[in-house]
Amino acid sequence: MSIATQNKGFAAVLWDYLTTVDHKKIGKLYLYAGGLFFLLGGLEAMIIRIQLIEPENDFITAGLYNEMITMHGTTMIFLAAMPLLLGLMNAIMPLQIGARDVAFPFLNSLGFWMFLFGGIMLNVSWFTGGAPDAGWTAYSPLSTTSPGHGVDYYIMGLQLSGAGTLMGGINFLVTIVNMRAPGMTYMRMPLFTWTTFVISVLILFAFPALTVGLFLLMFDRMFGAAFFDVALGGNSIIWQHIFWIFGHPEVYILVLPAFGIFSDIFSTFSKKRLFGYTAMVFATVLIAFLGFMVWAHHMFTVGMGPVANSIFAIATMAIAVPTGIKIFNWLLTLWGGQITINSAMLWALGFIPTFTLGGMTGVMVAASVADYQYHDTYFVVAHFHYVIVGGVVFGILAGCHYWWPKIFGRILHEGMGKLTFWTFFIGFHLTFFIQHFLGLMGMPRRYWVFLEDQGLDTGNFISTIGAFFMAFGVIVFLINAIYTAIKGEKAPADPWGGRTLEWAIASPPPYYNFKQLPLVRGLDPLWIEKVEGKGKMTPAEPLGDVHMPNGSFIPFVMSLGFFIASFGFIYHATHDVAYLFLFGGMAIGLGSMLVRSLKDDHGYHITKEELEREAD
Amino acid sequence: MLGWMGKFRALFLLSSLALVLSGCGKENLTALVPKGYGAESSLDLIILTTVIMLFVFAVVMVIYVIALVRFRKKKGQEDYIPKQVEGNHTLETIWTVIPILLLIIIAVPTVIATFDLADDAGAEDAINVNVTGNQYWWHFDYAGEEIQTSQDLYIPVGERVYLNMLSSDVIHSLWVPSLSGKMDVNPENENTMYIEAYEEGVYWGKCAEFCGPSHSLMDFKVVVVSPEEYEEWVADMQNVDPEEPADSEIVEDGQQLFEENNCMACHAIGSSPVATGPNLTNFGDRSRLAGIEDLSKDNLVKWLKNPELIKPGNKMTGKYPTLSDEDADKLADYLLQLQPSDITPDSAGN
């Protein structure tokens, strides 16, 4: 927290955050909200693991268990991993390209509030008769026939937060295309910026598929349509195609930014330029491209026939090549470097063996006939947790430790950081390694109970013990964050010997980021100035007025409107009063759009004199 | 700290070794001890891919460990600046080409096996079973034989039996890990797969596609018997005459209760195309009650009085008047004596 905000009252800070369009504050909001949902998803995971600690356990009922697994998956993917990454991108990417903000600050704020209200929407379902229970994949006809309103909340919640994500993606694309500092060519961008750029393209093409799918599901459930109803001439399998055309790229939307984070960290803490930078960039683009060609490998057992299964098997295996290139480039970045091991670097180092195992099982599940055994078992559960926890969560935690000083101005406590890593890392492998074997030994996924005397007791018990280690690690991290906020060591501008532009300005950065836009002379611009120049960035422009956007409360109100309208959609068939919510909410949402369109807001200028008064 | 990591990895190896030594799971359930054609094809690929991938993992780990040991920052070298290497074309070519070669080694047998397992050329002359998946039970209709069973699928050893599968409600997936990989059972587009068992015995089958609250309780069994025993079983099943007059008090009372409570609206005894509820022709021979519980009278009475306690979300709960203890007892006696054949899961080694 900067000194300025510390002196403000609580109400003033709250108002500031409700109306902010500053990418750094929005980044923090994403981190806070995503962190909260991460804890919630973790709690659901613990309940799942406690239920499975012994055979035929009755800790929770079958119905509640199905709500838990659905909400765990949905929460972790859409409400934790996505926003935490969007938070890091928001906070860091504009700094890495030497920009003063994102291209559309208003849209940025709108994206966050849409996501948050979507997340709240989903979780309101716990209190209104039951959460969604058709799995995070919501396969029809299970999802179309699920009684109650749980799945309706899933539809409306994801529709809202999905719209927010789409806005974020478009915003990042325009920002990276238009707002790079002088000299920051594409092939000089840090890998984290590159991956942000590539996944923004993925969001642009993948999320509309989800939006359309959710609309079809919404019409089926709320307005009596029959897109997925076989009895009325619909087709239930088409949902799986629509979902995975979105769902598979979504995996890369999550993991590629993590790759970017690791690339920056390996390079910084090895004191070396990223090995094979060009290959890394092209591998990223190739993975993203191939990511759209492989969705049906989630459907090998659907009965698509041997031709389709073979094609998708081979296409999937092909992704292993660029991923392997990345792993070896990271290893060669370490090779010959001068490696510092701290908590940020530990996460990156832990990622290599973990993710390699996840990639290995990825090739194994790509072999379609082998997948007939793996599919929908704990083997697949193990595989995707190795990829998504070992890749994405490790990446987020690495990024948090690495950029915490830049975002919050204080350095996380090293001892607690290391304790978090080791307990989480050991707990993770205890939990998930054994699940490969559980799957092959005949345990399908999404099983509320497993029966006695089926040889599955020991494996499940070990798995649950591991989950407690992970929970301990997360709690230590939480304590660390609170401790750091109160007593943590103040961070200098460049605590790690950084190489990229974000380390060229103060921690936390001033609200206008760069007093003068920096001149970029190559890859790792700050490093170049340290080695060849005078140790700091050369300005690319004379000191002048800085144009800043005004804060706005409209994004919050607009999102709130759509949030209210969602309840109207869900309950319109059974409650007349719901129409009040529906039309009222839409009036607020669309009215906000009208106000935004009609009102001229030119922002304001920070004058040259004011900037001169600020200390360097 | 490296010691730590090393120890941890050793622990890994030990624990996986312990797993292998303690067996690969329960026999006739685990996919790791294949006893059928499909399961064997899958395991061959599983082993091939595991070996190749472990080789890749070993290479990565060797480079990783050496890099960490050799290049960790040492005291007194704080100002040392490593050479800023841009890349290396030879190395980058090597780690692009070798993985491609390894993947080709995996891809070729994968494609061959995919086509092999999808081959239904022999279906016309073989035993065909029409499978219907229901929340939360399985219906097996032997095509052309006028035999229907639920939960227990009888097949002869060493023969390919073709399963033509459709669902009556949501998507299910039929999986008998020791005999074959799984195939989804969809509400549309009938799927066909074959199973071929190498050994007689009773094999555990599972539903592998999330289908509702009792998804984890939707077990079934595949009873593999010799071809002669199979013939005998078919004959026995075809000889069942539901109209046969009752020859004992138990049967008489039971039949009366069965009628009074309108059980036959859903359940058939004897061959019938109706499959609203499980066919009960050989109920007394079943390997399990509801696919999961021991087939004991106590369990059956419990089920009849309140099925919800055993299978949450099943479609039987509330479809008939509450049974008195006495009636439930009589009905149970009646159902348990429905044993048309000497060929049973027990005789097959249950």
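Which residues of helix 6 (residues 297-305) of chain B are buried? Keep this in mind as you look at the structure, which is a predicted model.

## Helix 6 of chain B: one buried face

The buried residues of this helix are Leu300(B), Trp303(B) and Leu304(B). Looking down the axis of helix 6 of chain B, you would find these buried residues within an arc of 95°, so they line one face of the helix. There is a handy rule behind such patterns: an α-helix has 3.6 residues a turn, so residues three or four places apart point the same way.

What do the buried residues of helix 6 of chain B pack against? Their partner is helix 7 (325-336) of chain B.

## How helices 6 and 7 of chain B meet

The axes of helix 6 and helix 7 of chain B are 9 Å apart, and the two helices pack at an angle of about 120°. That angle makes helix 6 of chain B oblique to helix 7 of chain B. The crossing of the pair is right-handed.

You can find the contact residue by residue. Helix 6 of chain B brings Lys297(B), Leu300(B), Val301(B), Leu304(B) and Lys305(B). Helix 7 of chain B answers with Ala328(B), Asp329(B), Leu331(B), Ala332(B), Leu335(B) and Leu336(B).

Now move to helix 4 (residues 227-238) of chain B, which has 12 residues. From its first C-alpha to its last, this helix reaches 17 Å, close to the 16 Å expected at 1.5 Å a residue. Its buried residues are Glu229(B), Tyr230(B), Trp233(B) and Met237(B). They cover an arc of only 100° around the axis, which puts them on the same side of helix 4 of chain B.

The buried residues of helix 4 of chain B pack against strand 3 (147-150), strand 4 (152-156) and strand 10 (220-225) of chain B. On the face turned away from that buried side, look for the exposed residues Pro227(B), Glu228(B) and Ala235(B).

## Where the chains touch

Notes
Residues are numbered from 1 along each chain as its sequence is written. Chains are lettered from A and ligands numbered from 1 in the order in which they are written. This is a predicted model: local features need pLDDT of at least 70, side-chain atom pairs count only at pLDDT 80 or more; totals for chains, interfaces and linings use all residues. Helices (H or I, at least four residues) and strands (E, at least two) are DSSP runs, numbered from the N terminus. The expected span of a helix is 1.5 Å times one less than its number of residues. A residue is buried if 20 or more other C-beta atoms lie within 10 Å of its own, exposed if 12 or fewer, and partly exposed in between; C-beta atoms are placed from the backbone. The arc is that of the directions from the helix axis to the C-beta atoms. Two residues are in contact if their C-beta atoms, placed from the backbone, lie within 7 Å. Axes are lines fitted to C-alpha atoms, for helices over the stretch in contact, and angles run from 0 to 180 degrees between N-to-C directions. Angles under 35 degrees count as roughly parallel, over 145 as roughly antiparallel, 65 to 115 as roughly perpendicular and the rest as oblique. A crossing is left-handed if the near helix is turned anticlockwise from the far one by less than a right angle, and right-handed if clockwise.
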